[in-house]
Amino acid sequence: MITWFIIGITVLISYLGFQNPALASKLQFNAAQIIHRKEYYRLVSHAFIHAGWAHLGVNMLVLYFFGRNIEAYFGYYFGRGANAYFVLLYFGGILASNLWSLIKNRNNYYYNAVGASGAVSAVLFATIFFDPWQPLYLFVILPIPGILFAAGYLFYSYQMSKKQKDNVAHDAHFLGAVFGFIFPILLKPELFDRFIDHLFSFL
């Protein structure tokens with residue numbers, strides 16, 4: 001249910017942002033506004049607005065499929081604390097994903113970012129951590145083992161973040177993904193042994 005709740009809130013706030021550009025501007029990530037004007041809420045609020053319906057749709061679709069997986073995994077390993085840990089994963093992904101942008105653009109009032117991609121990357125990579133060989137479908141049709149997808153995703157995000165040739169926050173994708181992968185280990189270090197066992201069980 002927590003996945004549905006986050007999707008519902010995100011869709012609602014994003015829709016309001018589509019209708020009211022002033023609201024979207026107020027909620028978007030802007031490192032200079034955060035640092036110099038102490039608008040700390042932007043560290044989180046930007047994840048609940050999006051650039052358009054396609055941007056929103058992709059993020060919420062990924063969250064729908066993999067968020068339910070994480071709810072199941074967390075329920076199994078953490079019991080009654082599962083929902084709280086899911087919230088920590090999601091909001092931790094939001095914060096971790098923009099850490100570098102916060103530092104790099106702290107004096108750049110023209111840099112803005114929106115979207116839940118960092119948090120969604122955290123959820124996706126947490127799923128890969130629990131089941132590294134689960135196939136993910138590239139372009140919806142090509143199955144790729146999760147661990148191979150993860151390696152390719154991180155490499156691509158890192159390279160694109162260095163080039164900075166588009167308007168996509170690739171560094172946020174990279175950092176959110178890394179956070180999502182290590183988050184279960186922070187909660188329960190022995191899960192890393194489980195990951196290693198699953199990783200080599202296929203070989």
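S45 is located in helix α4, which covers residues 42-45, helices (H or I, at least four residues) and strands (E, at least two) being DSSP runs numbered from the N terminus. The model is a predicted one, in which local features need pLDDT of at least 70 and side-chain atom pairs count only at pLDDT 80 or more, whereas totals for chains, interfaces and linings use all residues. Residues are numbered from 1 along each chain as its sequence is written, and side-chain values use heavy atoms, with hydrogens and water left out. With a relative accessible area of 13%, S45 is buried, where buried denotes under 20% relative accessible area, exposed over 50%, and partly exposed the range in between (1.4 Å probe, protein chains only).

H46 belongs to the loop between α4 and α5, the latter helix comprising residues 53-78. A relative accessible area of 3% places H46 among the buried residues. Its side chain makes a polar contact of 2.7 Å with the side chain of N98, a polar contact being a pair of N or O atoms within 3.5 Å, of which, within protein, one must be able to donate a hydrogen and the other to accept it, while residues adjacent in sequence count only if both atoms are side-chain atoms. When residues up to four places away in sequence are not counted, H46 touches L27, Q28, F29, I94, N98, A113, V114 and G115, contact meaning heavy atoms within 4.5 Å.

T127 is situated in helix α8, formed by residues 117-130, and is buried with a relative accessible area of 2%. The side chain of T127 reaches the backbone oxygen of V123 at 3.0 Å. Apart from neighbours within four places in sequence, the contacts of T127 are with F66, N69, I70, Y73 and Q134.

K38, by contrast, is exposed, with a relative accessible area of 55%, and is found in the loop between α3 (31-36) and α4. The phi angle of K38 is near 60 degrees, a positive value in a residue other than glycine. Y15, in helix α1 (residues 2-19), counts as partly exposed at 38% relative accessibility. The C-alpha atoms of Y15 and F48 are 9.7 Å apart in space, with a separation of 33 residues in sequence.

At the level of the whole protein chain, 11 helices and 2 strands are present, arranged along the sequence in the pattern α-α-α-α-α-α-α-α-β-β-α-α-α. The radius of gyration, taken over C-alpha atoms, is 17 Å, close to the 17 Å that the globule rule gives for 203 residues, so the chain is as compact as a globular protein of that length; the rule is 2.2 Å times the number of residues to the power 0.38. The C-alpha trace spans about 50 × 40 × 35 Å along its principal axes. Of the 203 residues, 44% count as buried, and among contacts between residues at least 6 apart in sequence, 71% join residues at least 24 apart. The accessible surface amounts to about 11,000 Å², of which 68% belongs to carbon and sulfur atoms, as computed by the Shrake-Rupley method with a 1.4 Å probe.
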